[in-house]
Amino acid sequence: MKLELREITKTFGTFVANDAIDLVIEPGEIHSLLGENGAGKSTLMNVLYGLYRPDGGQILIDDQPVRFTGPGDAMAAGIGMVHQHFMLVPVFTVAENVVLGHEPTKGGMLDIAAARELVREISARFGFDLDPDALVEDLPVGAQQRVEIVKALSRHAEVLVLDEPTAVLTPHETDELMNIMRQLRNEGTSIVFITHKLREVKAVSDRITVIRRGKVVGTADPSADQADLASLMVGRQVSLALDKAPAAPGEVALQVSDLRVTDDAGVRTLDGVSFDVHRGEVLAVAGVQGNGQTELTEALLGLQDNVQGSAVLHGAELVGRSTKQILDAGIGFVPEDRTHDALVPDFSVAENLVLDQFNRAPYGSALSMNPTAVRTNADTLVGDFDVRTDSPQNAVSTLSGGNQQKVVMARALNRELSLLIASQPTRGVDVGSIEFLHRRILGERDKGTPVIIVSTELDEVTQLADRIAVMYRGTILGIVPGDTDRDVLGLMMAGYTAEAAREAVASGARTTDSQLADEGELA
Amino acid sequence: MSAVTPSAAEQGSAPGVGSGGTGSEAPPPADPSQDRWGRLVQDIARGNLLVVVASFVFAFIIGSILILIADTEVREALGYFFARPGDTFSAAWQSISQAYAAMFRGAVFDFPGFTRTLESLRADGGTGTYVWGPALMRGLRPLTETLTIATPLVIAACGMAVGFRAGLFNIGGTGQLIVGAMVAGYVGFTFQLPIVIHLLVALVVGVIAGAFWGGIAGFLKARFGANEVISTIMLNWIATYLLFFALKTSAFTGANQSQPTSPSVKDTASLPLLLGSQFRLHAGILLAIAVVVFLWWLMNRSTLGFQFRAVGSNPRAARVAGISPARASFAVMAVAGALVGLAGAVHILGTEKRLTDGIAGSLGFDAITVALLGRSGPVGIVLAGLLFAGLSTGGRYMETQQGVPLDLVSVIQALVVLFIAAPPLVRTLIGLRRVDNPGAGERRRRARATSGAGEDRTGATRNGGSSVVSTSSAATSQAPSFSGSSAAPDPAEPPGSAERSGARTETKGEDR
């Protein structure tokens, strides 16, 4: 099936999200759609999937114009979509999820045997290891994603759209996904792969289309240079490698020993974590999402209820103190989920910028706020951090994700810090701004502030870290130097200890990343 | 580089500065598992102004239809509609225009009264200010009455608004009002204190009592996570029965134990009348203005208000920023209770003077409506409060003059709330609905996710709404007295105080 988007235009008010975009997906190719957050990739795919009606342009399947009024039409036409956030019912089995919406029936009853058979058949064809009777909530993220893929394939999808599929995967799961993608392509399914990660694009694509600000700005072969792709995506030259000065660590600033967190269900989510952070050093906490990083940062901030053990910052115990007291001790905090934990959506940018200091001079007193100081502060920070907004008085929810992240970072860095804890500091921020934010973090380190960075992106970890602590299932598997091999880190994130990972790498375990690096493609 | 082929769009365009985009990516919708009540309250409280206005228009249109149905002349004319259709239309027009004109006369300016006074004084040979002064007084009398009714309503609505802005659905207006009025009244008719001090003490204890009553719900929420909707409703009942009980004790009834009515508050504790003894307008209105200003300062300038709003909009983020949502919700309820308690104190010390078992009336629930109508903002509350008070004074006049049942006014009030609670309905009716807009799919998904909360909402609205309806049924007919404990209306009661007699049945609405 050949899919063609011709001059697709989609506007929201005065904002042009898609400006006459042309895109041709040939049968049996992996076509990557590369662009920054807000470039219009998702809008385009929502148009394709029938969620939005285009203001102009046509969709053609095998050169026949088609019109979709909803996802049902798109599915019927052979277009399947795997969303970034899975659309699965956690308490249903794999088979039930796969047939949900087009259930096979026998005499008015659900024919679960047929559903099981369907899952088995598709799994066998593509070598997925899926148990049709497993509950989805018990499956690891990678397997859940395969359920989504099976779901799309079971509806005879000939074009499969994968929206940022690797955001939630470990490096190894990413490799597995790429193998699946290649296999699907070989079987004749076309794949539209949406991402902003250059490495992955280069590893798996047959063709690359780069979108910027709603326009197609170029197409590229996978052999294209990474830096060229980046500058095409961002619209200016960017340096991907951050040349940082070596750290000059001082005395131990934060001493965490045997920190344990138990959640409401009685599950130990953080299990005996111990580490030190020195002044003027960046300790990166690496790991796949959900391995205790959130609990670790929240425990340090006094946001977890059941915390045992100790965390001593400059001689003062943090465990057992209120969040307010901890923040007042000079800790800057960037939570990993900005919409949930960091920003008050109805508040203006200016108000959000003082959210953790609203009753401290000069922004306010115990009784009343000082609007002038709040405004001046906002004007300064919006300029410094290049936050794109008409006015700092606009509600923060009107900003794009990347700009919201800049607001959160600006707030955390906006005072004398005794410790900086930043989770996913550059999540959703464009390539150009990542560089800027990384420099700010390193600047803070060079001022002598101890810094903890929590990130699931290996790129970020290796660029910023002086030391790397890898977390796995609530424990720290090991703390390794900042220049540790990516393969070793990747294996550690999957549960290998540092030694085991080194041995495995020495005996030849590789990831796509490092193979590419060997071939001289990657910096 | 050769592999990269910039397209036409790229060529010639100066390399722009990388940006985080222009907001095509709306922030993901709030997790539906987040406090749905909070979201809901916020949605209602920030309703579109257009929706509010349109809701009124629709409510009045439906009200007009009901007026027509209630009007015998129109019904008769309808009987020979095909013979003389003009009759029907002229009767209909007569009926509606006269009804709404009467409403205006009763609520704002009594023009016939004004001219009549003017002419009779002129006939007596008066000139100049001697004529205009009394005539204007006569004409503006309804307005002062409206202002009197609006006074406690606006104060209480300000208290409600504090809760709404902080994402708490405080249904406890009635309870807080009763407690405030009870304590202030007790001080007012029992204590012997010098003139200014007595009033101040009575007001302050009213405030404290309200704060305490609201604070209970706040404490339960903060400490044990009890839903404030449930606890405030229950506290309403507790306060109501406490009042019934108190009115059976000699401490409250004084010498006359047979009547469940307290003595009148002493003059030293009364809010002074502003326009002389002919008018009921009292200094409480100055307090109401002060409270409105206070509300503005609290929510927009104070540190406390900053915390309230932060917790109301995103409790998680507030907590991460060092604001304790538990402590904030306690403070919110205490402040809200304090203001509503003040309303209760003003109501008894200014308007009512005597504590009766129907002292709170439907004030507690009307205050919710007014706060929602006024979108929880100071200006909005003043306007909505005046409007509501005007509807009730004008409605009463409409009933006596045009024979249109006062119930209709309450139906209109309830309809307004109903429309405001369903903004999409109103938007559809006025053709504002655009299907194809950014995030439409997302919103649909969200709507589906929160449909459970939607059911909650209707429940709550039905509660408030029906109580509004019940007010008037009590005022116009001999509503069955509540659970036998409330006595028949005091025969000595001045005929004008329907507000008071309507009060007693407020609990009926909840009952269902």
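Select A:His156 to start: this residue sits in the loop between helix H5 (141–154) and strand E9 (159–163) of chain A. Keep in mind as you look around that this is a predicted model. Check the backbone of A:His156 and you will find a phi near 60°, a positive value in a residue other than glycine. Is A:His156 buried or exposed? It counts as exposed, because 12 C-beta neighbours lie inside 10 Å and the cut-off for exposed is 12 or fewer.

Next, go to A:Asp258, which you will find in strand E13 (residues 252–262) of chain A. Here, too, a residue other than glycine has a positive phi, this one near 50°. A:Asp258 has 12 C-beta neighbours inside 10 Å and therefore counts as exposed.

Now pick A:Ala361 together with A:Pro362. The peptide bond joining A:Ala361 and A:Pro362 is cis, with omega about 0°. To place A:Pro362 in the fold, look at the loop between helix H12 (349–353) and helix H13 (371–384) of chain A.

Move on to A:Phe126 in helix H4 (residues 112–126) of chain A. Which residues does A:Phe126 touch, leaving aside those up to four places away in sequence? They are A:Ile180, A:Gln183 and A:Leu184. A:Phe126 is partly exposed, because 17 other C-beta atoms lie within 10 Å; a residue needs 20 or more to be buried. For a sense of scale, draw a distance from the C-alpha atom of A:Phe126 to that of A:Gly320: the two are 194 residues apart along the chain and separated by 52 Å.

Zoom out to the whole of chain A. Its secondary structure comes to 19 helices and 22 strands. The C-alpha atoms fill a box of roughly 70 × 55 × 50 Å along the principal axes. The radius of gyration of chain A is 24 Å, which agrees with the value near 24 Å for a compact globule of 523 residues. Buried residues make up 52% of those 523 residues. Among contacts in chain A with a separation of 6 or more, 67% are between residues 24 or more positions apart.

The mean is 87, and 96% of the residues reach 70 or more. Select residues 517–523 of chain A, though, and the pLDDT is below 50; this stretch has 9 contacts in the model beyond near neighbours in sequence. Where pLDDT is low, the predicted coordinates should not be read in detail.

Switch to chain B, which has 22 helices and 1 strand. Of its 512 residues, 52% are buried. Residues 24 or more positions apart account for 79% of the chain B contacts with a separation of 6 or more.

Show helix H6 (residues 129–165) of chain B and follow it along. Where is the kink in this helix? A bend of about 45° lies at B:Leu140, shortly before the proline B:Pro142. After H6(B) comes B:Gly167, with a positive phi near 75°.

For the last stop, display helix H11 (residues 284–300) and helix H16 (residues 378–402) of chain B. Their axes come within 9 Å and cross at roughly 150°. H11(B) and H16(B) are therefore roughly antiparallel to each other, since angles over 145 degrees count that way.

Key: Residues numbered from 1 in each chain as written. Chains lettered and ligands numbered in written order. Predicted model: local features only at pLDDT ≥ 70, side-chain atom pairs only at ≥ 80, totals over all residues. Bend = angle between axes of the 7 residues up to and from the residue. Helix = DSSP H or I, 4+ residues; strand = E, 2+ residues; numbered from the N terminus. pLDDT = per-residue confidence, 0-100. Contact = placed C-beta atoms within 7 Å. Rg over C-alpha atoms; globule rule 2.2 N^0.38 Å. Axes fitted to C-alpha atoms, helices over the stretch in contact; angles between N-to-C directions. Parallel < 35°, antiparallel > 145°, perpendicular 65-115°, else oblique.
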